[in-house]
Amino acid sequence: RAKADGRGTYRFFETGMDARAQARRLLERDLRLALEHDEFEVYYQPIRDVAGGQVVAFEALARWNHSLRGLIAPNNFIPVAEETGLIVPLGEIVLRKACADAAGWPEAVAVAVNLSPVQFKNPNLVSSVKAALQASGLSPDRLELEITESVLLQNSEATLAVLHELRGFGVRISLDDFGTGYSSLSYLRSFPFDKIKIDRSFVTDLATREDSMAIVRAVTGLGKSLGIVTTAEGVETDTQFDLLRQEGCTQAQGYLFSPPRPAADVAKMLRRAPERSVA
Ligand code: C2E
Ligand code: MG
Ligand code: MG
Ligand code: MG
């Protein structure tokens, strides 16, 4: 009886593994087809200057326009794209589209592109960034590359060399999701980041949690002392925005202003005055 149960459990476990592995294989196959069929789109979310209220940049965010499943958000495909290495061609598509789109915008605001740690293992990263700038004619100082601390965890000497090379031709480097990894402060000494993006988790309870408020205050203060721009992510309410302004946070991004929208909506997002009067 016990033996039978054991076998049953084992068989079930094996079947479960198979199902997961198969789902992953299917997703990988679908991702390859999607790359061939150009099913990836770039959406843009505005980032506003806190003091002046004007849009200063857009973050480029990948969307998969699946023929059957509709629009798919990055959390559903970036992890498998990273595991399979498909993030390299996908990242290059996003980079090229973002640079080309930004070069055509009616105002010379910046475009921020997310880079995966896996892309830093690709020896062609620097040349593909250069190629995207050259093909689009976008001025390098309008391109911001967003990396997370996890990029610096892996082979950090090689990574730092790549970051310095990118910086060397005028591209700016932002530290994304700040406060969610480890030893954040030492990373700020290892590379002169241009921008710190304060993770949404701290902004969400800014008005309700003293500790979140204290952390945001500390990070904006750190940014000021180090001469680094601070951008708050996930700003959804007027109250959060007022607190960020009070603390001297430089920029804000979030649904309060706009969710990410298709490239065709960028001009509209630039024209539209902030929903609230800023200063
Ligand atoms: P991220 O780089 O931290 O991007 C910000 C995410 O927060 C976006 O989610 C954005 O839609 C969301 N967001 C912005 N404002 C608000 C808000 O007020 N409230 C809430 N609840 N969410 C807000 P999205 O587009 O789903 O992207 C998720 C993550 O996927 C990104 O986080 C980034 O890590 C990754 N990602 C997206 N596109 C790319 C890409 O092209 N390459 C790579 N490597 N990663 C990407
Ligand atoms: Mg980002
Ligand atoms: Mg982020
Ligand atoms: Mg994030």
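Predicted model: local features only at pLDDT ≥ 70, side-chain atom pairs only at ≥ 80, totals over all residues.

**Reading a metal site and a helix pair**

Analyst: A residue counts as buried when its relative accessible area is under 20%. Glu233 has 10% relative accessibility, so Glu233 is buried. Asp176, at 6%, is buried as well.

User: Which protein donors does the magnesium ion (ligand 3) have?

Analyst: Look for donor atoms close to the metal. Asp176 and Asp177 each give an OD atom and Glu233 gives an OE atom, at 1.9 to 2.2 Å from the magnesium ion (ligand 3). Along the chain, these donors have the spacing D-D-x55-E. Asp176 belongs to strand β6 (residues 172-178), while Glu233 sits in the loop between β8 (229-232) and α10 (238-247), so the two tie together parts 57 residues apart in sequence.

User: Which residue coordinates both the magnesium ion (ligand 3) and the magnesium ion (ligand 2)?

Analyst: Asp176 does, and the two ions are 3.8 Å apart.

User: How do I read a pair of helices, and at what angle do α3 and α4 cross?

Analyst: Take the axes, then the angle, then the residues in contact. The axes of α3 (residues 87-103) and α4 (residues 125-136) come within 9 Å and cross at roughly 30°. Angles under 35 degrees count as roughly parallel, and α3 and α4 are therefore roughly parallel to each other. The crossing of α3 past α4 is right-handed. Contact residues include Leu95 and Cys99 of α3, and Val129 and Leu133 of α4.

User: How many residues of that contact are nonpolar, polar and charged?

Analyst: The contact of α3 with α4 has 9 nonpolar, 2 polar and 2 charged residues.

Technical notes
Residues numbered from 1 in each chain as written. Chains lettered and ligands numbered in written order. Heavy atoms only, no water. Donors = N, O, S within 2.8 Å, 3.2 Å for Na, K, Ca; no water. Helix = DSSP H or I, 4+ residues; strand = E, 2+ residues; numbered from the N terminus. Buried < 20%, exposed > 50% of the residue type's maximum accessible area, 1.4 Å probe, protein only. Axes fitted to C-alpha atoms, helices over the stretch in contact; angles between N-to-C directions. Parallel < 35°, antiparallel > 145°, perpendicular 65-115°, else oblique. Left-handed = near helix turned anticlockwise from the far one by under 90°. Contact = heavy atoms within 4.5 Å. Nonpolar A, V, L, I, M, F, W, Y, C, P; charged D, E, K, R; others polar.
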